[in-house]
Amino acid sequence: MIAAWDRRYAGETIALWNREAVMDGYKELTEESFDRIFLSNPYFDSGSAFVLLDAGGRVKGFACGCTGDDLPLGDTAGYLTCIVLSGDCKNDEHFGRMLEALERRFRQLGKKQAEVLFFNPMRLPWYIPDTPGHEHNNAPGVPVDSALHRFLLGNGYAERTRENAMYLHLSGFAIPNEIAAKEAKAAASGYSVGLFDPAKHSGVAEMLAGLNNPLWQKEIASCTAEGKPVVVASRGGTVVGFAGPVVRQDNGRGYFAGIGVHPDHEGHGLGTILFFRLCEAFRDIGTEYMSLYTGSGNPAIRIYEKAGFKTVKQFAVMRKELAR
């Protein structure tokens with residue numbers, strides 16, 4: 001049977017996750033991380049979380065989604081976070097029952113579509129394959145070729161794009177001569193790239209507004225205001241692009257939100273320069289590795305590959321229109 005979420009199911013749900021979800025590469029959960037990612041998340045809605053119980057009342061499945069009108073697409077879409085099933089229940093019937101429960105909840109909340117994408121605020125960490133436990137802090141979709149991916153494809157979910165998860169160990173990273181030459185050329189046009197300094201730089205809010213990314217507007221503005229290092233491109237002291245923040249996580253990973261150059265200042269190679277200087281900044285503070293994801297069709301993938309990044313995993317971004 002499908003049951004609404006209740007905290008008494010937490011222990012068995014964590015055990016289920018650590019048996020099953022880890023096989024798709026997700027990081028194990030503890031009581032603390034389960035509470036942080038799910039139950040204490042401000043977007044957690046107990047009405048959008050369900051468990052599958054066997055005849056003895058044991059947890060055999062866990063499904064969770066979330067909603068929020070302030071999220072990207074949030075006024076019209078519900079986010080599907082996960083459906084995890086025990087191996088003996090991993091079939092279309094049980095996937096279907098759990099998905100139906102989530103979609104029914106989304107409809108009750110007035111949502112017109114279900115989304116599986118990187119804006120989901122319930123950030124699921126996963127292990128980077130063939131590394132000594134290196135991890136990425138967020139799964140930007142459904143792992144390609146997983147059981148859930150195959151099920152969603154057969155049940156009305158369209159694959160809108162694929163996100164390439166990319167990885168680089170920073171040992172030995174160096175700025176190549178061609179990037180140094182590109183930076184010198186940009187300097188001849190009045191541009192410079194370095195860490196943000198409030199005594200020298202201004203215009204962060206205007207630059208971010210021009211990029212029209214609400215997540216960047218919030219995070220990068222906060223970082224520059226709080227003194228967290230951010231690599232910026234500037235001209236005459238006015239910030240026209242960014243990469244960062246430059247934050248080494250406890251697990252040795254270099255965390256950063258992204259890279260952007262204001263449309264009025266494109267065409268000078270600033271995105272490439274920013275990214276290479278970001279990698280250098282991470283290396284200089286003792287960061288072991290970097291990981292990121294980018295759309296398969298994003299031209300920026302060439303920049304990442306030039307820096308030495310390799311694609312290590314793919315995730316599908318998916319959508320289903322919800323019939324009334």
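Residues are numbered from 1 along each chain as its sequence is written, and side-chain values use heavy atoms, with hydrogens and water left out. Because the model is predicted, local features need pLDDT of at least 70 and side-chain atom pairs count only at pLDDT 80 or more, while totals for chains, interfaces and linings use all residues.

**Exercise 1.** Classify the ring pair formed by W5 and F34, and locate both residues.

Step 1. The criterion is that rings of Phe, Tyr and Trp (its six-membered ring) pair if their centres lie within 6.5 Å, and that planes under 30 degrees apart count as stacked, over 60 as edge-to-face and the rest as tilted.

Step 2. The whole structure holds 21 aromatic pairs; in that of W5 and F34 the centres are 5.9 Å apart and the planes lie at 55°, so the pair is tilted.

Step 3. With helices (H or I, at least four residues) and strands (E, at least two) taken as DSSP runs numbered from the N terminus, W5 falls in the loop between β1 (2-4) and α1 (10-20) and F34 in helix α2 (residues 31-39), so that the pair links parts of the chain 29 residues apart.

Step 4. Buried means under 20% relative accessible area, exposed over 50%, and partly exposed in between (1.4 Å probe, protein chains only); W5, at 10%, is therefore buried, and F34, at 2%, is buried as well.

Step 5. W5 and F34 also belong to one aromatic cluster, together with Y9, W17, Y26, F38 and F62.

**Exercise 2.** Describe the lining of the second largest pocket by residue and by element.

Step 1. A pocket is an open set of points on a 1 Å grid over the protein atoms alone, where a 1.4 Å probe fits, with protein on both sides within 12 Å along at least five of seven lines; lining residues have an atom within 4 Å of a point.

Step 2. The lining comprises 26 residues, of which D24, Y26, I83, P143 and L148 lie nearest the centre.

Step 3. Two or more residues come from each of α1, β4 (77-85), β8 (142-143) and α4 (147-153), and β4 gives the largest share, six residues.
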